[in-house]
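Good morning, and thank you for making time for this presentation.

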Amino acid sequence: MGWIGETVDSIKSIKIRQLLTQAITLGMIVTSALIIWKALMCVTGTESPVVVVLSGSMEPGFKRGDILFLHMTKEPIRAGEIVVFNVDGRDIPIVHRAIKVHERENTGHVDVLTKGDNNDVDDIGLYADGQFWLHRHHIMGRAVGFLPYVGWVTIIMSEKPIIKYILIGALGLLVITSKD
Amino acid sequence: MHSFGYGANALFTFSVTALAFICAIASLSDNFSNQNPSTEIQILNINRFKKQSYENDEVSLTLDITADLQSLFTWNTKQVFAFVAAEYETPKNSLNQVSLWDAIIPDKEHAKFRIQTSNKYRFIDQGHNLRGKEFNLTLHWHVMPKTGKMFADKIVMPGYSLPDAYK
């Protein structure tokens, strides 16, 4: 009877060890993804080094679902640059082009007016009430590169959260049932 | 090692890596193209030049713009965004850039053009510094690729000036 108990115990202990290894592997994957993301933030100088284009206001150059790579330097903002900015009170960043720039002597303070390439009017209507210009602190980065279509995954996941849960559930299932 | 799951995973990883590699190469190839765009801009007329009710000068002018941007197009180019900006200095501002006209050029055939147009966007100063002001007209272009790095450059044409009096 003793060795039955022993076998049962050894089977139980294998399962626990395997489970722990898998949990640690998962943790390592998540952590390294986070490290890469934070490193990207450092290198590019902006809080969101990659953004997804959500509207058609910059067509035909950027379509909904494209992703943009951002970079931010201390260089002053100049006309023609495609900037990503946040308006006070709105949490979705907007990607448009700077069409007017007025830079102050000495302080380097800058007034910027933006407009989407595909829009008929400039962005004054998008700014907060009484605001006529964007300033440096509104601007999160300049677009320096782009990849088409890749952003659709993010759009689908945020507009239909069900898909997000299904994906995470499936991934979790895969991790648990895999033998490695 | 031969289940459907493993096979699908391997295929997916490989194709994503291959796609990423191709996009990177396409973008890199843009660095090797020879580019020599040219342009010429004439101011045909100053239509209106006044001081607005809240103290800022405003100018309306008609421009004659000739440009040849064909050499900017490579096989990885989706479109070229070109715009003409007036650039000048005032006592308060070390730099003012005001876009007067822009266009999206979708392909090489449209990249060589001549148009006469009045300014698309209002040329308004911050203040009333524009009388007799000398300014540059700069043609900027932004090349937007099919994938990868975007790049931009410009041609600066100095020597334009506004009249000494409002009209």
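I shall take the two chains in turn and then turn to the interface between them.

First, the conventions. What you see is a predicted model, in which local features need pLDDT of at least 70 and side-chain atom pairs count only at pLDDT 80 or more, while totals for chains, interfaces and linings use all residues. Residues are numbered from 1 along each chain as its sequence is written, chains are lettered from A and ligands numbered from 1 in the order in which they are written, and side-chain values use heavy atoms, with hydrogens and water left out.

Let me begin with chain A. Its secondary structure consists of three helices and six strands; here helices (H or I, at least four residues) and strands (E, at least two) are DSSP runs, numbered from the N terminus. Along the sequence, the order in chain A is α-β-β-β-β-β-β-α-α. The C-alpha atoms of chain A occupy a box of roughly 90 × 35 × 30 Å along the principal axes. The radius of gyration of chain A is 24 Å, whereas a compact globule of 180 residues would have one near 16 Å. That radius is taken over C-alpha atoms, and the globule rule is 2.2 Å times the number of residues to the power 0.38.

How is chain A divided into domains? The assignment gives domain 1 (1-44), domain 2 (50-148) and domain 3 (150-179), with bounds that come from an automatic or database domain assignment. Eight residues of domain 2 of chain A touch six residues of domain 3 of chain A, where contact means heavy atoms within 4.5 Å. Between them, domain 2 and domain 3 of chain A bury about 550 Å², and carbon and sulfur atoms give 62% of that. Buried area is the accessible area (1.4 Å probe) that two parts lose on being put together, summed over both.

Within domain 2 of chain A, the residues that lose the most area to domain 3 of chain A are Val52(A), Arg64(A) and Gly65(A), together 68% of what that side buries. Arg64(A) also forms a salt bridge with Glu159(A), with the closest N and O atoms 3.2 Å apart. The rule finds one salt bridge across this interface of domain 2 and domain 3 of chain A, a salt bridge being a side-chain nitrogen of Lys or Arg within 4 Å of a carboxyl oxygen of Asp or Glu. Five residue pairs, both at pLDDT 80 or more, are in polar contact across the interface of domain 2 and domain 3 of chain A. A polar contact is a pair of N or O atoms within 3.5 Å; within protein, one must be able to donate a hydrogen and the other to accept it, and residues adjacent in sequence count only if both atoms are side-chain atoms.

I now move to chain B. Chain B has one helix and nine strands, in the order α-β-β-β-β-β-β-β-β-β. Its radius of gyration is 23 Å, well over the 15 Å that the globule rule gives for 167 residues, so chain B is more spread out than a compact globule. The C-alpha trace of chain B spans about 85 × 35 × 20 Å along its principal axes.

Chain B is assigned domain 1 (1-32) and domain 2 (35-161). The contact between these domains takes five residues from domain 1 of chain B and eight residues from domain 2 of chain B. The C-alpha centres of the two domains of chain B lie 41 Å apart. The area buried between domain 1 and domain 2 of chain B is about 550 Å², with 48% from carbon and sulfur atoms. Ala26(B), Ser27(B) and Asp30(B) supply 75% of the area that domain 1 of chain B buries against domain 2 of chain B, more than any other three residues. Zero salt bridges are counted between domain 1 and domain 2 of chain B, but six residue pairs are in polar contact there, both at pLDDT 80 or more.

Finally, the interface between the chains. Chain B contributes 31 residues to the contact and chain A 29 residues. Chain B and chain A bury about 2400 Å² between them, 53% of it on carbon and sulfur atoms. Zero salt bridges are counted between chain B and chain A, while 17 residue pairs, both at pLDDT 80 or more, are in polar contact. Which element gives the most to the side of chain B that touches chain A? That element is β4(B), with eight residues.
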